[in-house]
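Trainee: I have a new model to read, and I would like to go through it feature by feature. Can you guide me?

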Amino acid sequence: MKKNNSTSVTKFILLGLSSNLQVQLTLFGVFTAIYLVALMGNMLILPLISLDSKLHTLMYFLLGNFSVVDIGSTSSTMPKMLANYLPQDKYISWAFCLSQMFFFISFGGIECLLLGVMVYDRYIAICHPLHYGMFMSRRACTLLAAAVWVMGLTNSAVHSSLMSILSFCQGNVLHHFFCEILPLFQLSCSNTWANQAINFTLSGAVILGSLLGTLESYVYIVLAVLRIRTREGHLKAFSTCTSHLVMVSLYFGTAIFTYIHLNSTYPQHQDRAQTVLYGIVTPMLNPIIYTEEEGGERGTPKSPG
């Protein structure tokens, strides 16, 4: 099957998480339930925020963006993964494969950067409450969200463009449930050193940059909370960060081990498990965890006008 001069593969085979038919049927049921919960949970958050005037805060504006990202992230991989379990047709075209990779990396990068913006919002609210309206005005928050989306999409466009010029002539079987960037490197018969170096650099910049900013903000938050004299004050301040801390731990803990290494150290079985955690399970948990914090987050200062 010849495509053009740059690649000899027109289709890939996605092996998924198991080759056992009975296990596949079980996985189909489990992941269908997870996808529906993630989809409905995140879709319900959007009208809830829009209709409830008490939720018209900047934090909930960011949560609305987070829900859109989670819907996009799960929808970029799960429908095809579920379809592959039923008819035993595990093929995916090169164009579909490339677009799937683009959207998954886009939403993953945007989610990573949004976590950093959200903790910055908490930092301003706790450490500089009197200046919250100035630092986190509606305009400033909109610009931050727009910058996050542009950076996430640009990062993914670079990865996808570099992937599109590689040649694939060492087989077309992907030991994964979607077109992930690192398994594709292993199938390429081109020299992928430059791609791997750029992947390592960009992934490190997005993931570690956001993580370091998050950790720095939390250092200042903890120092500010410790200066509060009452136990009730401590609990109220920390309660506004609990949900964010949980999501930071889940996301960064898996993303770092998945993306910030080179192809030669890539363990496929471990990567699949980590991708299931942050790419499928986490989007399902996000609306559940954040709605648990609704009472505390409603105390977020509103921006003027």
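**Reading the model**

Mentor: Buried residues make up 50% of the 305 residues in the protein chain. Keep in mind that this is a predicted model.

Trainee: How many helices and strands does the protein chain have?

Mentor: The secondary structure comes to eleven helices and three strands. Read from the N terminus, the elements run β-α-α-β-α-α-α-β-α-α-α-α-α-α.

Trainee: Now charges. How many salt bridges does the count give?

Mentor: Start with the general idea. Side chains of opposite charge can pair when their charged atoms come close. The cut-off is a side-chain nitrogen of Lys or Arg within 4 Å of a carboxyl oxygen of Asp or Glu. By this rule, the count is one salt bridge. Arg 122 pairs with Asp 121, and their closest N and O atoms are 2.9 Å apart.

Trainee: Are Arg 122 and Asp 121 buried or exposed?

Mentor: Both Arg 122 and Asp 121 are buried.

Trainee: Where does Tyr 132 lie, and how far is Tyr 132 from Asp 121 in space?

Mentor: Tyr 132 lies in helix α4, residues 132-135. Tyr 132 and Asp 121 are eleven residues apart in sequence. In space, the C-alpha to C-alpha distance is 8.5 Å.

Trainee: Why does Tyr 132 count as buried?

Mentor: Buried means under 20% relative accessible area. Tyr 132 counts as buried because its relative accessibility is 1%.

Trainee: Next, the surface. Which residues form the nonpolar patch?

Mentor: Val 219, Tyr 220, Val 222, Leu 223, Leu 226 and Phe 238 form the patch. Together they have about 530 Å² of accessible area. Helix α7, residues 193-226, gives the largest share, five residues.

Trainee: Take Leu 226. Why is Leu 226 called exposed?

Mentor: Exposed means over 50% relative accessible area. Leu 226 is exposed because its relative accessible area is 55%. Leu 226 lies in helix α7.

Trainee: Which residues line the second largest pocket?

Mentor: Among them are Leu 46, Ile 49, His 56, Tyr 60, Phe 61, Asn 65, Arg 138 and Thr 142.

Trainee: How do the residues of that lining divide into nonpolar, polar and charged?

Mentor: The lining of the second largest pocket has six nonpolar residues, five polar and one charged.

Technical notes. Residues are numbered from 1 along each chain as its sequence is written. This is a predicted model: local features need pLDDT of at least 70, side-chain atom pairs count only at pLDDT 80 or more; totals for chains, interfaces and linings use all residues. Side-chain values use heavy atoms; hydrogens and water are left out. Patches are made of residues with over 30% relative accessible area and no salt bridge: like charges are joined within 9 Å, nonpolar side chains (Val, Leu, Ile, Met, Phe, Trp, Tyr) within 5 Å. Accessible areas come from the Shrake-Rupley method with a 1.4 Å probe; for residues, only the protein chains shown count as cover. Helices (H or I, at least four residues) and strands (E, at least two) are DSSP runs, numbered from the N terminus. Buried means under 20% relative accessible area, exposed over 50%, partly exposed in between (1.4 Å probe, protein chains only). On a 1 Å grid over the protein atoms alone, a cavity is a set of points where a 1.4 Å probe fits but cannot get out, and a pocket is an open set with protein on both sides within 12 Å along at least five of seven lines; lining residues have an atom within 4 Å of a point. Ala, Val, Leu, Ile, Met, Phe, Trp, Tyr, Cys and Pro count as nonpolar, Asp, Glu, Lys and Arg as charged, and the others, Gly among them, as polar.
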